[in-house]
Every structure is written in structure tokens, then in C-alpha cells.
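Biologist: Please put the model up, and then we can go through the ligand site and the backbone.

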Amino acid sequence: MEKDHIEDEVVLFGSWSSSICTRVHIALKQKGIAYKYVEEDLQNKSQSLLSYNPVHKKVPVLVHNGKPIPESLLILEYIDEFWKDSAPMLLPGDPHHRAKVRFWAKFHDEKVKISLITADL
Ligand SMILES: N[C@@H](CCC(=O)N[C@@H](CS)C(=O)NCC(=O)O)C(=O)O
């Protein structure tokens with residue numbers, strides 16, 4: 001479905017090496033949202049990234065019409081809420097199913113991702 005918000009400016013600050021950023025790319029593509037991508041050098045972060053995410057200084061950050069949203073899971077929920085008329089919905093409609101999805105996404109970030117990063121591969 002074509003978007004009502006065609007004038008929106010959407011910019012994703014990310015890194016090619018980040019699977020967490022990939023989840024935001026997938027969400028934007030699934031919803032058919034046009035966006036600009038800014039690749040960050042995580043060893044030498046841009047002033048824009050530091051000012052958009054001054055607390056954690058991490059990617060991804062989505063900047064929507066100049067307003068920054070950090071934290072990938074919050075970004076996914078924002079995308080779902082703002083572009084609620086654009087299929088597919090990223091989260092299920094049923095509150096219990098939604099809670100389960102949030103539980104496993106948080107579990108992945110807190111346990112699985114950390115063990116993959118620290119694994120001696
Ligand atoms: N909880 C954050 C985690 C973000 C995160 O860890 N980003 C990493 C890339 S995967 C990063 O920016 N690392 C650079 C740094 O820690 O300085 C989210 O879900 O967005």
C-alpha cells in the first residue's frame with residue numbers, strides 16, 4: 001500500500017557489521033518505507049550520531065523528520081506505530097502474543113547476542 005507520509009524524511013544511522021541494524025533495515029523494507037542510510041565508522045563515530053544518541057552513542061538510530069529514535073526494539077515499535085496503515089505489522093495484534101515477541105527479542109539481545117559476541121569462534 002502507498003504511504004500517506006510521502007514527505008517524511010527517514011534516515012538510518014547504522015553499521016554493516018551490526019545484525020541489530022539489519023533488523024531495522026528489514027523492518028523499513030517490509031513496510032516499504034523509503035529511507036536514507038548513513039554508514040557509521042564505529043571506531044570514529046560522527047558528530048551526528050553522538051548528538052542523536054548521546055546516552056549510548058550506538059547504532060542503530062532512526063531519525064524521522066529530524067527526531068532521533070535510538071534502540072533497535074524501540075525503533076521497530078515506532079515504525080509499527082507511525083506507519084500503522086502499512087502492512088505488514090511487525091508485532092502481533094494480540095497483547096499476549098506481543099508480550100511473547102518482546103520477551104524473546106529481549107532474551108535474544110541480553111543472552112544470545114552477548115554469548116555470540118563473547119564466543120571463541
Ligand atoms: N540495545 C541496543 C544495542 C546497540 C548496539 O549494541 N550497537 C552496537 C552495534 S551492534 C554499537 O553501536 N557498538 C558501538 C559501540 O559500542 O561503541 C539496540 O538494540 O539498539
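Modeller: The shell around the ligand holds three nonpolar, two polar and four charged residues. Here Ala, Val, Leu, Ile, Met, Phe, Trp, Tyr, Cys and Pro count as nonpolar, Asp, Glu, Lys and Arg as charged, and the others, Gly among them, as polar. This is a predicted model, in which local features need pLDDT of at least 70 and side-chain atom pairs count only at pLDDT 80 or more, while totals for chains, interfaces and linings use all residues. Residues are numbered from 1 along each chain as its sequence is written, and side-chain values use heavy atoms, with hydrogens and water left out.

Biologist: Which residues are around the ligand?

Modeller: A residue is taken as near if one of its heavy atoms lies within 4 Å of the molecule. By that rule the residues are Ser 18, Ile 20, Lys 45, Lys 58, Val 59, Pro 60, Glu 71, Ser 72 and Lys 113.

Biologist: Which residue has a polar side-chain atom 2.6 Å from an oxygen atom of the ligand?

Modeller: A polar contact is a pair of N or O atoms within 3.5 Å. A backbone N or O atom of Val 59 lies 2.7 Å from a ligand nitrogen, and a polar side-chain atom of Glu 71 lies 2.8 Å from a ligand nitrogen. The residue with the 2.6 Å distance to a ligand oxygen is Ser 72.

Biologist: What is the phi of Lys 57?

Modeller: Lys 57 is also in the loop between H2 and E3. Most residues other than glycine have a negative phi. Lys 57 is not a glycine, yet its phi is positive, about 60 degrees.

Biologist: How many salt bridges does a search of the whole structure find?

Modeller: A salt bridge is a side-chain nitrogen of Lys or Arg within 4 Å of a carboxyl oxygen of Asp or Glu. One joins Arg 23 and Asp 109 at 2.9 Å, N to O. Arg 23 lies in helix H1 (residues 19–31) and Asp 109 in helix H4 (residues 95–118), so this pair ties together parts 86 residues apart in sequence. The search of the whole structure finds four.

Note on methods:
A polar contact is a pair of N or O atoms within 3.5 Å; within protein, one must be able to donate a hydrogen and the other to accept it, and residues adjacent in sequence count only if both atoms are side-chain atoms. Helices (H or I, at least four residues) and strands (E, at least two) are DSSP runs, numbered from the N terminus.
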